[in-house]
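Student: I would like to learn how to read a structure step by step. Could we work through some questions together?

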Amino acid sequence: SSGINAEYGQHYYITNNLRMSSNHVDIARLAEQAERYSDMSIEMKKHIEALGGVIGEEDRNLFSVAYKNVVGQRRSSWRAMCGIERKLTAGDSKLTQVRDYKAKIEGELTELCNEVLTMLQDQLIPNAAESKEKVFYMKMKGDYLRYLAEIQKDTEEKDSIENARQVYQAAWDISEKELDSTHPIHLGLALNFSVYYFEILDDKVKACDLAKKAFDDAISMLDHLKEDSYKDSTLIMQLLRDNLTLWSADGEDEDENQ
């Protein structure tokens, strides 16, 4: 009977976890509608932990949206502080205040990025069964290392810059082999990897080569584009083309997460 009890206990634990987990997703959806992305990210973190990193496509997207917004807000704040700092001269009394506040934002940004990276590294990437899932998570890992690299670019510490390149490259190698050239995950990776080359490494040639290759490959396969992903794929293709135009004129760039 102890075996039956143990089995029952395990069954109760699993079903209870699933029940609690679906509750986290329901609250996360409400938080998204209320544009309370911090709450949304907390609920998705609990959901991922409850299910041991095995989640479906819809949950993957909720997780991505939650942190994209929470981190995006701080990236915008950080860039605003950098802009103010650049306008101040060395002897300006406000300079210390601006730098302290920028450091505060950097601390929050770093903590959030590391939170995402830990979940990806420990739970999500190891449990990714399909290629598209693995590429999605590895792209996301590259993105959050890129956000850390943005901060590190003007400092002595440079580890995130190289780590981001390695992760993006590993994701790209899988994606080129396993995913269609028109797949939105493949195109999204090409978009953000090319932004990494342009923004972080200041390598305009590689950025343009990568974006152009992804765009041209997708154009050549446009007739085979699946209806369910047509809108997503063509939107990212447009962003790739916009970046190529802007980079040729040395303008600003767009990534999926701005």
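Student: Is D143 buried or exposed, and at what relative accessibility?

Tutor: Before answering, note that this is a predicted model, in which local features need pLDDT of at least 70, side-chain atom pairs count only at pLDDT 80 or more, and totals for chains, interfaces and linings use all residues. Residues are numbered from 1 along each chain as its sequence is written, and side-chain values use heavy atoms, with hydrogens and water left out. A residue is called buried under 20% relative accessible area, exposed over 50% and partly exposed in between, using a 1.4 Å probe and protein chains only. By that rule D143 counts as buried, because its relative accessibility is 2%.

Student: Which side chain does D143 join in a polar contact?

Tutor: D143 lies in helix α5, where a helix is a DSSP run of H or I with at least four residues, numbered from the N terminus. A polar contact is a pair of N or O atoms within 3.5 Å; within protein, one must be able to donate a hydrogen and the other to accept it, and residues adjacent in sequence count only if both atoms are side-chain atoms. At 3.1 Å, the partner of the D143 side chain is that of N192.

Student: What kind of aromatic pair do Y144 and Y147 form?

Tutor: Y144 and Y147 are 3 residues apart in helix α5 (residues 131-152), and are therefore separated by about one helical turn. Rings of Phe, Tyr and Trp (its six-membered ring) pair if their centres lie within 6.5 Å, and planes under 30 degrees apart count as stacked, over 60 as edge-to-face and the rest as tilted. A search of the whole structure finds 9 aromatic pairs. In this one the centres are 4.9 Å apart with 70 degrees between the planes, so the pair is edge-to-face.

Notes: Helix = DSSP H or I, 4+ residues; strand = E, 2+ residues; numbered from the N terminus.
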